[in-house]
Amino acid sequence: MNYITIGRFTLPADLLAAFAAIFIGALIYRAREKKSIGDWYWNSFFIYIAIYKLSYAVLNFKMFLDTPFSLLYFNGGTEGQILAFAGISIYLYLISRKKENLVFVPEYLPGYFLFFLLYWTGLFAFSEDFIAAGVQAILFIVFAGIYFKRMELNTEYAILFLMVEALILSLFSDLLAVENLLIFALGIYLIMFQRFKKEDAQH
């Protein structure tokens with residue numbers, strides 16, 4: 001894992017990339033929609049962080065009891081990531097069942113791509129892999145162009161973006177890393193989710 005030093009603090013590059021992506025993604029959404037993105041976007045992020053961190057205490061209960069402050073420095077690892085992504089999936093499913101929240105369902109996929117395309121761009125940049133960051137940035141610009149032209153992000157487009165992203169990661173990173181596979185799994189889940197919701201609305 002790469003680390004970035006800011007003043008007296010040293011932070012993991014993936015954490016910085018995630019924070020940058022969450023805020024820039026929300027700003028881009030606001031620029032297009034002229035309104036703030038829904039609470040689901042922020043809540044999903046905080047659910048991930050909370051489960052990922054707190055799962056350490058559950059998975060390493062004895063060590064946590066002996067040294068409670070270890071929670072500040074450690075996380076749930078691979079198991080924690082799996083639980084965190086499962087938590088996001090369950091959360092998005094549950095809030096979509098509320099009639100007043102149906103309006104947010106079409107935002108799921110654009111929000112997903114805004115966040116993760118920015119995240120990978122930032123992660124490559126913070127890792128000083130500037131060729132990969134440049135290629136990743138081109139993919140994000142293509143997506144942003146489609147997004148601002150208000151073209152429908154249908155299943156075919158969404159799968160195409162996932163496939164191109166998989167190609168980029170296979171060239172410049174570890175496509176089969178657990179965190180990457182979980183991100184793709186969440187994307188496929190949201191594609192299927194949006195498709196089923198659309199079919200339900202048509203009946």
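This is a predicted model: local features need pLDDT of at least 70, side-chain atom pairs count only at pLDDT 80 or more; totals for chains, interfaces and linings use all residues.
How much space lies in the largest pocket? About 1,200 Å³.

**Stop 1: the largest pocket**

Select Asp14, Leu15, Ala18, Tyr48 and Tyr119. Among the 47 residues that line the largest pocket, these are the closest to its centre.

Next, colour the elements that give two or more residues to the lining: strand S2 (9–12), helix H1 (13–33), helix H2 (39–59), helix H4 (77–96), helix H5 (108–126), helix H7 (155–172) and helix H8 (178–202). Which of them gives the largest share of the lining? Select H5, which contributes nine residues.

Now colour the lining by class. The count is 33 nonpolar residues, nine polar and five charged.

**Stop 2: a nonpolar patch on the surface**

Select Phe69, Leu72, Tyr73 and Phe74. Together these four make a nonpolar surface patch with about 560 Å² of accessible area. Is Leu72 buried or exposed? Its relative accessible area is 60%, and exposed means over 50%, so Leu72 counts as exposed.

**Stop 3: the salt bridges**

How many salt bridges does the structure hold? There are three.

Start with Glu33 and show its side chain together with those of Arg32 and Arg150. The three residues are linked in a salt-bridge network. Towards Arg32, the closest N and O atoms of the Glu33 bridge are 1.9 Å apart. Towards Arg150, the corresponding distance is 4.0 Å. Glu33 belongs to helix H1, while Arg150 sits in the loop between helix H6 (130–148) and H7, so this pair ties together parts that are 117 residues apart in sequence.

Glu33 is partly exposed, at 24% relative accessible area. Arg32 has a relative accessibility of 13%, and because buried means under 20%, Arg32 is classed as buried.

Finally, move to helix H3 and select Asp66 and Lys62. These two form a salt bridge in which the closest N and O atoms are 3.3 Å apart. Asp66 and Lys62 are four residues apart in helix H3, so about one helical turn separates them. Both Asp66 and Lys62 are exposed.

Definitions and conventions:
Residues are numbered from 1 along each chain as its sequence is written. Side-chain values use heavy atoms; hydrogens and water are left out. On a 1 Å grid over the protein atoms alone, a cavity is a set of points where a 1.4 Å probe fits but cannot get out, and a pocket is an open set with protein on both sides within 12 Å along at least five of seven lines; lining residues have an atom within 4 Å of a point. Grid points are joined across faces, edges and corners, and a volume is the space filled by probe spheres set on the points. Ala, Val, Leu, Ile, Met, Phe, Trp, Tyr, Cys and Pro count as nonpolar, Asp, Glu, Lys and Arg as charged, and the others, Gly among them, as polar. Patches are made of residues with over 30% relative accessible area and no salt bridge: like charges are joined within 9 Å, nonpolar side chains (Val, Leu, Ile, Met, Phe, Trp, Tyr) within 5 Å. Accessible areas come from the Shrake-Rupley method with a 1.4 Å probe; for residues, only the protein chains shown count as cover. Buried means under 20% relative accessible area, exposed over 50%, partly exposed in between (1.4 Å probe, protein chains only).
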